[in-house]
Structures are given as C-alpha cells and as structure tokens.
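Me: I've got a model up on my screen and want to talk through one part of it. Can you help me read it?

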Amino acid sequence: MSASLHVDFGKTAGDYRRHRAGFPQSFFDRIAVHGVGIAGQLVVDLGTGTGTLARGFARRGCRVIGIDVAPAMLDAARDLDREAGIAVDYREARAEDTGLSTASADVVIAGQCWHWFERPTAAREAARILRPDGRCVIAHFDWIPLSGNVVRATEELIEKHNPAWKLGNLNGVHPRWLRDLGEAGFRGIESFSYDVDVPYTPDGWRGRIRASAGVAASLAPDAVARFDADLARLLAERFDASELSVPHRVFAVIGRPPAGTRP
C-alpha cells in the first residue's frame, strides 16, 4: 500500500451500501464445509463495513459481532439490518484491539479487509479471542482484471486519476495471508479459491467503483466527479451493454488457533 493513499470508507458509505453486495451465497456453503458459519456459533466479523458478511452469518443462525473503525459504515450496516429484519451486534473498535473477551469466539473472519490492518497484531488478536476449537478466516471477493476487459480498463482509469492507488492488476489470490496466520501460530492452515461472474448494469458498476479505495474513499469530491464522468464515457464507448458480466474470484484462508490456546 502506498503511504500517500489515505483511505476512509466512511466517505463512501452510501455507495458502499448500495453497490457493494458482498460475498456470494456460494461462499457461505463452501466455508460451512470447514466448520464455519454453523448455527449457534459466535462469529466475530473484523472490518465488517456495511455488514454483508455479518448478515450472511446471522441468516444462518449465528450470533454475530461486527467490528469496524468507521461509524458511518456501522450506521449503514444497522440500517440494512433493520431492512432485512436481522440483528447483529456492531461495535466501533480496531481489528487489532477488539475489546472482546479471551477465548470467546467460535469464528473470527476478515472479509476484503485484511490488507488494511496491522496484520501481525490482528492475527494475534484473532488468536486471543478464539476458542481452542475455533477458526480464523481471511477471505476476499475480488474483481479479476484481464487484458481488455472492463475491470482492467476501469483500473487503468483509477490509476490515471489516483496514482497513489497501487491495488490494480492483481489475481485475487493472497498467499501472504497464509504466512500471516502461520507466523501467529495458527495450525492446519487451508485455502481455496473459485471464480464467479457478477452482473452489473453500467450505473451499478460506476457505483461499485466509486465505493472503492482508489476513488471516493481517497479522492476529494470534485475528483470523484471527474473520475465518474470519465468512467461513464469509457463504458459507453468501449463496453456498450445493458449488463456487464464482471469476473470475480473468491479466495479464503482458514486456520485453527495456536496450540495451547486456553479459555
């Protein structure tokens, strides 16, 4: 991450709420095979944002605590919960210092946010709050840039408007996270990935991109407006369609707490 990129997702909470739908339902089915998201479990969702993962686990009968540093994101999460008729316990705190009791959680999960944390400290905190038979999950749902596709064209536009943004042209797989858990003493570390296509209208894709770190979370409002106008032109000129099929990759790392963890 560039030191000059200052990100505040609270500035884009509205677009984040409307346009970042979160992990697909298939993710919850895949992760359940690993004993994650079982009814009755206490799940701690680090960097919960607008609560998309938190609601997914709550729908499956889990008790969920959502942790985030951005009050605007937590407010949006609570609004969405009310609309969905779901109850999640949201708390303003850092992933590195949750304030939760030792050995209190069955699952600690970080979705689409691990790279924003002080990772070694967050891994130690996850180990502290997990029960001995718990699971830590680091998960991503990333768009996939390919030569000539709408993702790479959009990323190139972000890079033009915001040179400090260095998160483009990635492949959606994050092997460093396995090392993070290993160095924190986690055991039995596993990972998986699979691909899905996500449909977006052109306006929906513009909203999704505004809600990203390289646009409204880090640019001034007038710069966001200029970027959005350029993206609208790019979509009309190069990807003129009523619906875009955007490739994404789901990736997850799962580990058990360090040996000797005790309540």
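Me: In strand 7, which residue is the bridge partner of Val-198?
Reply: Quick ground rules: this is a predicted model, where local features need pLDDT of at least 70, side-chain atom pairs count only at pLDDT 80 or more, and totals for chains, interfaces and linings use all residues. Residues are numbered from 1 along each chain as its sequence is written, and side-chain values use heavy atoms, with hydrogens and water left out. Strands here are DSSP runs of E, at least two residues, and helices are runs of H or I, at least four, numbered from the N terminus. Across from Val-198, the partner in strand 7 is Val-246.

Me: How many bridges join strand 5 to strand 7?
Reply: Two strands count as paired if DSSP finds at least two bridges between them. Strand 5 (residues 130-143) runs antiparallel to strand 7, and Val-137 stands opposite Ile-254 there. The bridge count is eight.

Me: And how many bridges does strand 6 make with strand 7?
Reply: Strand 6 covers residues 187-200, and the pairing is antiparallel. The count is 12.

Me: How many residues of strand 7 are buried?
Reply: Buried means under 20% relative accessible area, exposed over 50%, and partly exposed in between (1.4 Å probe, protein chains only). Strand 7 spans residues 244-256 and is mostly covered. Out of 13 residues, the buried ones number 11.

Me: Why do the buried residues of helix 7 line one face?
Reply: In helix 7 (residues 176-183), the buried ones are Trp-177, Asp-180 and Leu-181. Taking directions from the helix axis to the C-beta atoms, they line one face because they fall within an arc of 90 degrees.
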